[in-house]
Amino acid sequence: MAIGLSAPAQISVSARIEPEQATLEDELTLTVSIKGSMKGSEPVLPNMPAFKVIASGTSSSLQIINGDVESRKEYSYVLIPQEEGTFTIDPITLFLDGREYKSEPVTVTIGKALSQSPSARPTGPLLPPSGFPLDQNEPQAPSPPFVERKGKDYWITASVSKKNPYINEQILYTFRFYTRVRVREATLTIPEFKDFWSEEVVPEKKYYREIEGDRFVVSEKVIALYPLKTGEVTIPETVLKIEVPEGMDNPFFNDPFFGFGSLKTRPKNLKSDSLVLTILPLPDPPPQNFANLVGQFQMKSALSSRQVKEGETTTLTVEISGRGNIKDAVLPPVSLDGFKVYDDKPVTETVRSEEGILGKKIFKKALVPLTSGELVLPPLSLDYFNPMTGKFESLQTEPVTVSVAPSDGEQLNDAFSQVPQNRDWHLPVHEEIATIHTHPSVLMVREPIISSRLVLVFLFGIPPLVYLANLLVGLIRLRRLQNPQAYRKKRAFRIFLKNMSREGVHDLEQIRDYFGAKWGLRGSGLTTAEVIDRLEASGMDRNLLNDLRSHLHALERSSYGGEISTPSLRSKTVELIQKMERKKV
Amino acid sequence: MKLVFAILVLSLLTGESVFADQREDNFRRASEAYYKNRWDEALSLYQALLKEFPTNAHLYFNLGNVYFRKGEMGRALQHYAKALNLKPREPDIRANLKFVQKKTGVELPVPFSTTLKKNLFFWNSYFTLHELVLSLLMVAAVFWSSLTLRLYIKRPLLKGGVWGFGILLALMLVSTGIKYDETLARRWGILIKPEVAVRPAYLKSVEPFVKLPDGAKVEILGDQEFKNEEKWIQIRLPNGTRGWILEEEIGVI
């Protein structure tokens with residue numbers, strides 16, 4: 001669609017702020033409208049020290065009414081109030097085609113951070129902020145602090161358990177969000193505790209609380225802080241950004257059945273007060289065995305075995321437990337003459353509770369007595385600072401005696417004997433693990449590994465094949481034994497041919513034997529006439545029968561004449577029996 | 001020049017022995033470094049030797065000790081496990097593996113079927129697959145031979161022998177099958193980094209559902225390259241749960 005644009009409309013810049021009356025918790029929207037032009041650079045905003053300004057986008061529109069073209073471009077900004085008062089936002093300037101256009105100044109009034117007046121309170125049921133599941137049966141918070149509502153429906157607080165702690169002392173920073181209205185998209189910005197070492201104690205806890213007759217949901221977060229420097233330090237304010245529904249004075253909109261739905265929400269920035277703490281130094285000078293441990297602690301030690309043999313291991317376990325900077329705990333130095341000592345990595349276990357972080361650190365040392373006799377483990381001493389009393393206190397374990405029996409002289413590990421004795425390095429008397437294998441001969445040991453599956457298949461396959469072959473032979477033999485006549489019949493022709501290939505055999509005799517085998521009779525007992533009769537009875541082909549008859553007579557004549565057979569007769573014999581075999585006599 | 005010639009002649013005369021001497025020397029140097037607590041030097045020397053003797057259980061064992069000394073318990077367990085696969089009855093290897101396992105305290109829940117298999121075929125842990133296969137081969141040969149003899153000789157003793165060897169063969173067949181499944185058909189690994197996060201998908205942005213300590217033994221199912229940067233390995237925990245970890249967090253055994 002082509003639109004013929006006529007002369008551009010008059011260019012004008014206007015600014016509006018919404019709402020014109022707000023509180024410190026509100027976010028305001030400043031909209032700058034440029035009418036009559038879609039081009040040009042972004043408008044120049046005046047200095048606004050009372051607000052934090054965040055650009056939130058642009059939009060443009062083009063309208064044609066009765067042939068007149070009206071273009072409009074809007075720039076939006078979010079203003080977050082930083083102080084109370086009535087402020088005039090100076091004209092906003094637009095530079096376009098060498099000309100300067102200005103908007104009218106706008107005025108806005110920012111009041112105290114008083115969220116809602118009591119009259120605006122919704123009467124709908126209480127709901128926790130969305131995204132914060134709440135157990136309806138959850139008990140009330142134990143010993144809640146006194147809270148003054150001041151007519152608000154939602155607010156935040158931040159506090160510390162002690163305003164003047166000692167350096168390294170554990171204090172608790174507690175953030176609480178109180179609300180009796182449904183809240184969406186709560187975003188918490190915890191300050192950076194740059195002068196502290198911090199550790200989360202309670203990630204998030206929710207409970208109900210009655211305040212001035214109304215039921216509030218309280219979301220609580222607790223962080224343990226350990227001051228790292230002395231003097232005055234400030235914890236900046238905590239900020240919680242939430243979305244609350246507009247028109248909260250109408251209970252219908254706050255009904256849990258409808259939820260937010262398409263209800264328009266309004267962002268709110270809730271801020272806690274910043275906290276000023278005075279961190280106290282520890283008394284000077286610290287005792288000898290003090291290693292920055294501040295809190296309340298106990299120490300105990302135990303030995304896995306008090307009776308060992310020379311070269312055997314016993315484990316010394318020292319446990320330091322209590323409330324405070326337990327992670328900083330180090331094992332006090334101890335002289336363990338007469339033992340070879342292997343340190344284990346210390347293990348720290350912590351428990352997070354309402355009172356803060358409690359924990360214990362366990363140190364383990366494997367001790368190997370180097371000589372036999374009564375060896376004494378001296379007491380361990382540890383100094384720490386107790387902020388409750390404001391004094392350094394000492395902990396001490398009892399001395400322990402270990403009875404070391406002489407070694408039975410056996411080598412602990414044969415591997416030691418493999419180590420060349422002329423080496424200049426020092427061998428440990430004992431290792432808790434079997435030592436390395438050092439003899440060069442071990443280098444040549446190669447573990448056999450099955451590499452060829454084909455070989456395996458072959459090796460596994462041969463014995464069953466041998467068995468199957470034998471089984472087959474056995475079966476054949478068995479069959480022969482069970483039915484010798486059938487076997488004879490089946491092999492008659494093969495035996496006939498085999499015999500006919502020999503010299504000095506009578507053709508007639510072989511023919512009789514062949515038919516004898518075929519009919520299960522003794523071949524020598526058959527006469528030529530019987531053979532012909534039997535063949536005739538079996539329905540043998542007439543021509544073949546005549547040929548056989550005449551051949552048999554020829555053979556008889558030859559036999560009576562004293563001849564065994566002529567080559568021509570022999571070939572005829574074989575030919576005829578072959579034909580008989582084909583006819584399945 | 002004369003020296004070069006001399007070495008050349010020596011090499012030609014002695015064949016491999018010059019190199020063998022060098023390897024032995026490296027082996028001694030590695031042991032020396034170990035006893036002087038120069039773990040990294042010992043490590044690199046043993047690793048270089050391992051390239052030449054990839055099936056030497058003693059080298060894996062020594063490497064396990066070096067890693068133990070370095071405090072890398074997962075790596076130590078990985079090398080002990082490799083050594084044990086090659087030499088399952090070596091007491092030093094068994095002792096050190098047990099010691100480090102106890103020290104790390106890693107014990108993942110194992111399904112009943114695995115425990116049952118382990119207890120029923122308890123001897124499997126004392127033999128390599130190679131040994132089991134050879135035994136199976138021998139038993140199979142005896143069984144088939146006795147079965148073949150039985151075709152010709154009908155003696156009750158031989159019949160009993162056939163039955164006995166038949167049962168033994170079936171038992172060994174199952175035993176070897178299980179060993180094959182454990183060692184060759186499946187791939188195993190040991191977690192070598194502390195607190196290995198196991199995720200349901202191969203993305204770092206996905207929250208892990210469990211964190212496992214180093215030294216835990218898991219089954220390796222497969223791998224997946226991601227964005228050509230990270231290589232993820234899919235694992236199965238002893239309770240059957242599947243998950244993904246980064247390749248550098250696991251050592252194959």
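Reply: Pro19(A) sits in the loop between strand S1 (12–18) and strand S2 (21–23) of chain A; helices (H or I, at least four residues) and strands (E, at least two) are DSSP runs, numbered from the N terminus. This is a predicted model, in which local features need pLDDT of at least 70, side-chain atom pairs count only at pLDDT 80 or more, and totals for chains, interfaces and linings use all residues. Residues are numbered from 1 along each chain as its sequence is written, chains are lettered from A and ligands numbered from 1 in the order in which they are written, and side-chain values use heavy atoms, with hydrogens and water left out.

What makes this spot worth a look is the bond joining Glu18(A) to Pro19(A): it is a cis peptide bond, with omega about -10 degrees. Most residues other than glycine have a negative phi, and most peptide bonds are trans. Another cis bond links Asp284(A) and Pro285(A), with omega about -5 degrees. Pro285(A) lies in the loop between strand S18 (275–279) and strand S19 (290–303) of chain A. Asn168(A), in the loop between S10 and S11 of chain A, has a positive phi, near 70 degrees.

Asp153(A) and Arg180(A) form a salt bridge, their closest N and O atoms being 3.6 Å apart; the term means a side-chain nitrogen of Lys or Arg within 4 Å of a carboxyl oxygen of Asp or Glu. Asp153(A) is in the loop between strand S9 (106–111) and strand S10 (154–160), and Arg180(A) in the loop between strand S11 (171–179) and strand S12 (184–189) of chain A, so the pair ties together parts 27 residues apart in sequence. Over all chains there are 27 salt bridges, but the count between chain A and chain B is zero.

So much for single spots; now to where the chains meet. The contact (heavy atoms within 4.5 Å) takes 38 residues from chain A and 43 residues from chain B. About 3,900 Å² is buried between chain A and chain B, with carbon and sulfur atoms giving 66%; this is the accessible area (1.4 Å probe) that two parts lose on being put together, summed over both. In chain A, Ile436(A), His437(A) and Leu443(A) lose the most area to chain B, together 19% of what that side buries.
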